[in-house]
Amino acid sequence: MLRTMIFIDFENFQINMNKYYSGLKDFDGSPLKSPKLDYNIFPQKLVEKIGPQHILVKTFMFAPKPDDFLIKNKARESTYNWLNGMRNMDRFALIEGSHCARPVTGFTFDTMDITNPASYYVVEKGTDVNIAAHLITKGFMNAFDTAVLISGDTDYLPVLDLLNTLGKSVVMVGVHGQSLTKFKHRSDQQIILNKDFFDTCLRS
């Protein structure tokens, strides 16, 4: 059996999910909302899709923690609380980066208003570095045979080259509408997920 670890770039994944579902229509013609996935089910279903010889060892979710200003936004607070709740899942780890608010021109840190998105912008820190560090470290420690990376970020190409040098197998996963062409010769398999797959992984 091939020991398989899944590495999820949560924000990248969620953005592409939202984009994909916004192009789908409900029975009344309105855009569909992204589904709420059950991450007890999703990683296992994905490993099964890759092939029967693979066995799930652990899933790593990389997600930004909102700073003290951004956490005042109810949607961000709800998402962060949900992510934190997944820490209790078996074979699952949440690795935090950060989301930091910065004032736009004409505003200061003191005059930024959480109810006025035009008063600030958001900077993400740590996610790319965290994913790269975990992939490389666990590759060198021989913790997996196959790494499954859910992201379309080409910044990871040098990491894939290193894993290939170590003899590790890499599977790239994206959402319908994403192009994984640039990963074609740097990974062993490319998988595009769609609604049919996501429907098998929904929270009850």
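Predicted model: local features only at pLDDT ≥ 70, side-chain atom pairs only at ≥ 80, totals over all residues.
Beyond its neighbours up to four places away in sequence, Leu46 touches Ile6, Val148, Ile150, Val173, Leu193 and Phe197. In soluble globular proteins, nonpolar side chains tend to be buried together.

Leu157 is also one of the buried residues of helix 5 (residues 157-165), together with Val159, Leu160 and Leu163. Viewed down the helix axis, the buried residues of helix 5 fall within an arc of 155° and therefore line one face. These residues pack against helix 4, strand 5 and strand 6 (169-175). Pro158 and Thr165, on the other side of helix 5, are exposed. After helix 5 comes Gly167, with a positive phi near 85°.

Five salt bridges are present in the structure. In one of them, Asp145 pairs with Arg3, with 3.1 Å between the closest N and O atoms. Asp145 belongs to the loop between helix 4 and strand 5, whereas Arg3 belongs to strand 1 (residues 2-9), so the bridge ties together parts 142 residues apart in sequence. Asp145 is partly exposed, at 23% relative accessibility, and Arg3 is likewise partly exposed, at 27%. A salt bridge also joins the side chains of Arg87 and Glu96, with an N to O distance of 2.7 Å. The relative accessible area is 39% for Arg87 and 29% for Glu96; Arg87 is thus partly exposed, as is Glu96. Lys195 and Asp199 form a further salt bridge through their side chains, at 2.9 Å from N to O. Lys195 is partly exposed, with a relative accessible area of 30%, and Asp199 is partly exposed at 36%.

Most residues other than glycine have a negative phi. Arg91, which is not a glycine, has a positive phi of about 50°. Arg91 is located in the loop between helix 3 (74-85) and strand 3 (92-103), and is partly exposed at 47% relative accessible area. Asn142 also has a positive phi, near 55°. The loop between helix 4 (127-140) and strand 5 (146-150) contains Asn142, which is partly exposed at 42% relative accessibility.

How values were computed
Residues numbered from 1 in each chain as written. Heavy atoms only, no water. Contact = heavy atoms within 4.5 Å. Helix = DSSP H or I, 4+ residues; strand = E, 2+ residues; numbered from the N terminus. Buried < 20%, exposed > 50% of the residue type's maximum accessible area, 1.4 Å probe, protein only. Arc of directions from axis to C-beta. Salt bridge = Lys/Arg side-chain N within 4 Å of Asp/Glu carboxyl O.
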